[in-house]
Amino acid sequence: MKNASLLLLVIFFSLILIYLDKTYITTDSKIFDFLAKDYPSSVVQNYMESQKKWWWVSYVTTPVLIGIKVLLVAFCLNFVKIISEKLENVKFRDILTVVLIAEFVFIIAGFYKFFNFYLIDTDYTLETLQTYYPLSLINFKEAISTEKWLAYPLQLANVFELMYWGVLAWGIWQLADKKISYQRSLGYVALTYGVGLLFWVGVVCFLILSVSY
């Protein structure tokens with residue numbers, strides 16, 4: 001019941017963020033200006049009409065994607081039971097609780113991004129919006145590298161991802177009844193979730209390289 005409530009809250013705030021983005025940030029005018037540079041007006045108009053027709057798709061797919069992500073992260077973290085005997089009796093549902101609590105870090109990141117473009121950086125383009133991630137190295141991409149495949153890793157190198165790791169480590173520390181140090185708990189997160197994340201980043205970068213070349 002606790003996990004169901006947490007999941008519903010995560011989905012609720014995620015849907016609010018989608019609504020705010022579509023209504024105030026990724027507006028029709030921004031999309032039109034972005035596409036009009038490369039495509040005829042008839043093509044752009046058809047695209048805009050299809051967007052209006054299928055507006056509900058993102059609202060339907062978001063809960064599914066959140067559920068898959070939470071399960072995958074929990075699956076990775078579940079390996080801590082093999083690594084440490086102090087965690088061998090931890091139940092999968094308890095790990096799910098930790099992951100769901102940690103997901104609120106990304107909800108905060110989403111609201112940070114919204115307020116940044118809605119109140120501060122209001123003179124933005126769709127290109128900027130697509131590549132931006134709050135407090136990440138992607139915001140300094142031009143100074144680091146212009147390689148397209150580096151965009152995703154640079155997005156992941158952000159303060160909120162570090163906070164996410166911190167919350168996961170705190171959760172593992174709590175599940176171990178504080179019988180391990182927080183530093184060791186962080187190491188367990190690196191060996192489980194970290195390895196899974198590294199694999200995922202490798203796949204994404206490979207796909208980007210394949211498409212680019």
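Some ground rules before the tour. Residues are numbered from 1 along each chain as its sequence is written, and side-chain values use heavy atoms, with hydrogens and water left out. Since this is a predicted model, local features need pLDDT of at least 70 and side-chain atom pairs count only at pLDDT 80 or more, while totals for chains, interfaces and linings use all residues.

Start with the overall fold. The chain has 12 helices and zero strands. Helices here are DSSP runs of H or I with at least four residues, strands are E runs of at least two, and both are numbered from the N terminus. Along the principal axes, the C-alpha atoms fill a box of roughly 65 × 40 × 35 Å. The accessible surface comes to about 13,100 Å². Carbon and sulfur atoms hold 67% of that surface. Those areas come from the Shrake-Rupley method with a 1.4 Å probe, and for residues only the protein chains shown count as cover.

How many of the residues are buried? Of 213 residues, 34% count as buried. Buried means under 20% relative accessible area, exposed means over 50%, and partly exposed is in between, again with a 1.4 Å probe and protein chains only. Now contacts, meaning heavy atoms within 4.5 Å. Take those between residues at least 6 apart in sequence: 67% of them join residues at least 24 apart.

Next, the inside. A nonpolar core is a set of buried Ala, Val, Leu, Ile, Met, Phe, Trp, Tyr and Cys residues joined through side-chain atoms within 4.5 Å. As background, nonpolar side chains tend to be buried together in soluble globular proteins. The largest core here has 34 residues. Which members touch the most others? They are Leu 77, Leu 87, Val 99, Tyr 164, Leu 168 and Tyr 193. At least two core residues come from each of helix 1 (2-25), helix 4 (57-77), helix 6 (92-102), helix 7 (104-120), helix 11 and helix 12 (182-212).

Look at Val 99. Beyond four places in sequence, Val 99 contacts Val 70, Val 73, Ala 74, Leu 77, Tyr 164 and Leu 168. Val 99 is one of the buried residues of helix 6, along with Ile 95, Leu 96, Thr 97, Val 98, Leu 100 and Ala 102. The cover over the buried residues of helix 6 includes helices 1, 4, 7 and 11.

Helix 1 next. It has 24 residues and spans 33 Å from first C-alpha to last, close to the 34 Å expected. That expected span is 1.5 Å times one less than the number of residues. Its buried residues include Asn 3, Leu 6, Val 10, Ile 11 and Ser 14. Among the elements covering them are helix 2 (28-36), helix 4, helix 6, helix 7 and helix 8.

Now the loops. Where is Asn 158? Asn 158 sits in the loop between helix 10 (151-156) and helix 11 (159-175). Asn 158 is buried, because its relative accessible area is 5%. One side-chain polar atom of Asn 158 lies 2.6 Å from the backbone oxygen of Gln 155. The backbone nitrogen of Glu 161 also lies 2.6 Å from a polar atom of that side chain. Beyond four places in sequence, Asn 158 touches Tyr 133, Pro 134, Leu 135 and Ser 136.

That brings us to Leu 135, in the loop between helix 8 (126-131) and helix 9 (141-144). Leu 135 has a positive phi of about 50° although it is not a glycine. At 39% relative accessibility, Leu 135 is partly exposed. Its contacts beyond four places are Tyr 112, Ala 157, Asn 158, Val 159 and Phe 160.

Asp 177 has a positive phi too, about 55°, and is not a glycine. Asp 177 lies in the loop between helix 11 and helix 12. Buried or exposed? Asp 177 is exposed, at 57%.

Last, the cysteines. A disulfide is a pair of cysteine sulfur atoms within 2.5 Å. The count is zero. For Cys 76, the nearest cysteine sulfur is that of Cys 205, 17 Å away. Cys 205 is buried, at 8% relative accessibility.

Methods: A polar contact is a pair of N or O atoms within 3.5 Å; within protein, one must be able to donate a hydrogen and the other to accept it, and residues adjacent in sequence count only if both atoms are side-chain atoms.
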